[in-house]
Amino acid sequence: MKNIAPAIFPPSGIGDAKPTNQAVLDWVHEIGKLTKPENIFWCDGSERENEFLVAESLKQNVLIKVNEEKVPRSYLHRSNPNDVARVEKVTFICTPTKEEAGPTNNWSEPAETYSKLYGLLEGTMRGRTMFVVPYIMGPPDSPLTKVGFEITDSKYVVLSMRIMTRMGKIALERLGNDPKAEWNRGVHSLLDVDPDRRFICHFPQDNTIISVGSGYGGNVLLSKKCLALRIGSYLARKQGWMAEHMLILGVESPEGKKHYVAAAFPSACGKTNFAMLIPPAHFKGWKVTTVGDDIAWMEIRDGRLFAVNPENGYFGVVPGTSYKSNPNAMKSIEHDTLYTNVALTDDGDVWWEGKDGPPPKHAIDWRGNDWTPDSKEKAAHPNSRFATPMRNNPALDPDVEKGEGVPISAIIFGGRRRDTVPLVYEAFDWTHGVYLGATMASETTAAATGAVGQVRRDPMAMLPFCGYNIGDYFRHWMDIGKRLTNPPLIFNVNWFRKGANGKFLWPGFGENMRVLKWIIDRCEQKGGAVESPVGWLPTPHDLDLDGLEIDHKSVADLLGIDHEEWQKELAEHKKFFDSLGGVVPEELPKQREQFVARFTQ
Ligand code: GTP
Ligand code: SPV
Ligand code: MN
């Protein structure tokens with residue numbers, strides 16, 4: 001069989017950044033003995049190393065060079081068509097007991113799973129190079145920052161990790177020589193990219209991840225969903241902090257008053273877009289800045305929540321990205337960007353559905369086939385992605401490197417709901433807010449394999465990412481609340497409500513500033529609202545809609561609470577809690593009773 005990742009042979013001075021920590025060396029030795037690579041490449045994250053890896057990847061067709069004039073220093077990678085998204089059904093939490101993984105996770109017994117995975121890894125890197133990637137998650141001087149090592153046989157993974165994490169020497173320095181220091185062990189092998197031999201397994205007790213059989217994003221960039229969320233959430237509970245699937249943004253008023261908010265939306269539900277929002281002309285002098293677009297690590301200081309973005313880059317959804325929807329993202333991905341599964345035009349430019357301007361008359365689609373506007377297939381895969389350094393973002397927040405993080409004034413939960421859920425409302429208090437997060441639901445998207453558009457409960461947008469029992473996770477949220485003397489206000493938003501004509505009622509994107517402004521007003525105790533059964537709800541007058549073309553009926557529909565829909569919704573909440581089999585902390589069903597009572601009052 002063809003070797004999908006033939007070995008490469010670096011000149012001296014490249015690939016030899018061998019760490020000195022004995023625990024790391026022992027582990028690499030063990031995995032090397034098992035997988036039997038042709039050679040070991042110790043990454044240092046340098047420019048020279050990157051150039052070498054890019055050149056080798058071009059030779060092996062792992063990368064395609066994009067037109068240098070149009071998108072400088074940028075490349076296209078095509079993943080195997082059977083391997084285009086996270087696969088939740090083969091993602092496992094391998095805690096000693098099934099209870100620790102809880103009712104929402106796939107569980108498998110650690111010893112058996114190690115032995116199954118080691119069986120699959122046996123000799124799998126023959127004729128391949130084994131890369132050792134040291135990295136840190138978090139700003140260099142944050143107390144939350146974690147060290148990880150990823151072993152991989154994929155050059156695409158190495159090149160992506162250099163964008164997505166702070167990679168190389170910085171990690172070796174932070175780890176030091178203590179053989180007992182805390183660090184994450186990540187092992188990844190493509191194997192033969194066979195969906196039947198694809199497993200993403202987490203061993204929280206051992207701070208270990210083993211991912212095999214995939215070459216795609218969230219399955220293989222082990223820093224991201226695997227470490228920063230699944231293992232991260234497990235460590236966070238143990239150590240008293242929070243690891244959340246949240247963007248972090250800063251909002252500055254024309255007077256220079258600044259707030260930070262964190263927002264949890266499920267995959268492909270608008271985090272990157274919201275984090276890079278450009279306020280419409282009407283909001284002259286207002287500025288929104290990005291701290292992070294996907295993950296927030298938060299800790300309590302002086303009774304407040306402070307957040308850092310553990311990542312160093314954005315792994316964002318490409319389709320729909322345009323100068324109209326997200327100019328900051330467009331500017332970010334115009335250079336030094338690694339694209340996956342977009343289309344390639346005849347002049348070597350990248351293209352996707354929703355990009356500005358007319359579609360090309362001919363292109364090569366994400367699978368490598370000819371494409372024209374008449375083709376039935378999409379040119380770019382709906383889950384095609386960009387990986388781009390956060391430094392490319394013109395709206396990057398100046399405090400993104402601040403070790404102590406940024407203080408969070410508001411937490412926002414949001415899902416993709418065609419009905420029921422209003423544009424925005426505010427929880428009455430922390431516990432009510434936790435209830436709103438715990439019961440949120442969203443229509444499934446192309447970010448994970450499986451059906452798209454089905455409403456499923458996705459508590460705090462963490463359903464696929466919570467590394468332990470969801471009941472304990474809810475309890476952790478309650479415990480955090482008790483320790484906060486100055487807690488963030490909690491909101492729920494829905495950009496995706498549809499009218500009778502099936503079209504979105506709300507224009508979204510930059511116009512979401514209008515909702516954000518109300519949220520900030522509420523944080524400053526000056527925004528108006530009415531008490532409704534679901535929470536504090538703005539009236540149309542409380543939202544600044546000046547300069548927005550939207551009719552009264554749409555606004556009323558967006559802010560409407562349909563009692564019949566909510567009866568169904570509350571019944572779904574009960575079904576969801578019941579399905580969790582008794583792990584839900586008692587405060588939450590109690591909240592539900594109060595919710596029901598408010599509707600009957
Ligand atoms: P992950 O990277 O998978 O976690 O996704 P994300 O939450 O960062 O979502 P992203 O911002 O990439 O948006 C996903 C999709 O939702 C894209 O197709 C966007 O065009 C679309 N989208 C984002 N914001 C809005 C909005 O305000 N309104 C509408 N209608 N669509 C939006
Ligand atoms: C998500 O699915 O939430 C993502 C993309 O951010 S991936 O990294 O593939 O998980
Ligand atoms: Mn995400």
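Which element supplies the largest share of the shell around ligand 1? Helix H9 does, with three residues.

## Basis of the report

This is a predicted model, in which local features need pLDDT of at least 70 and side-chain atom pairs count only at pLDDT 80 or more, while totals for chains, interfaces and linings use all residues. Residues are numbered from 1 along each chain as its sequence is written, chains are lettered from A and ligands numbered from 1 in the order in which they are written, and side-chain values use heavy atoms, with hydrogens and water left out.

## Surroundings of ligand 1

Ligand 1 is surrounded by 21 residues (a residue counts when one of its heavy atoms lies within 4 Å of the molecule). The closest are Ala-268, Lys-271, Thr-272, Asn-273 and Arg-385. At least two residues of this shell come from each of helix H9 (271-275) and strand S18 (313-317); helices (H or I, at least four residues) and strands (E, at least two) are DSSP runs numbered from the N terminus. By class, the shell comprises 10 nonpolar, seven polar and four charged residues (Ala, Val, Leu, Ile, Met, Phe, Trp, Tyr, Cys and Pro are nonpolar; Asp, Glu, Lys and Arg are charged; the others, Gly among them, are polar).

The distances are 2.8 Å for Asn-273, 3.0 Å for Asn-512 and 3.2 Å for Arg-416. Taken alone, ligand 1 exposes 660 Å², of which the protein buries 90% (Shrake-Rupley method, 1.4 Å probe).

## Surroundings of ligand 2

The shell around ligand 2 consists of Arg-86, Gly-218, Lys-224, Lys-225, His-245, Ser-267, Asp-294, Phe-315, Arg-385, Ala-447 and Phe-465. These residues divide into three nonpolar, three polar and five charged.

Ser-267 places a side-chain N or O atom 2.5 Å from an oxygen atom of ligand 2. For Lys-225, a polar side-chain atom lies 2.9 Å from a ligand 2 oxygen atom, and for His-245 the corresponding distance is 3.2 Å. The protein buries 98% of the 280 Å² that ligand 2 exposes when taken alone.

## The pocket

Ligand 1 sits in the largest pocket, and the space taken by ligand 2 is likewise the largest pocket. A pocket is an open set of points, on a 1 Å grid over the protein atoms alone, where a 1.4 Å probe fits, with protein on both sides within 12 Å along at least five of seven lines. A molecule sits in a pocket if more than half of its atoms lie within 2 Å of its grid points.

Methods
Polar contact = N/O pair within 3.5 Å; in protein donor to acceptor, adjacent residues only side chain to side chain. 1 Å grid on protein atoms, 1.4 Å probe; cavity = no way out; pocket = protein on both sides within 12 Å on 5 of 7 lines; lining within 4 Å.
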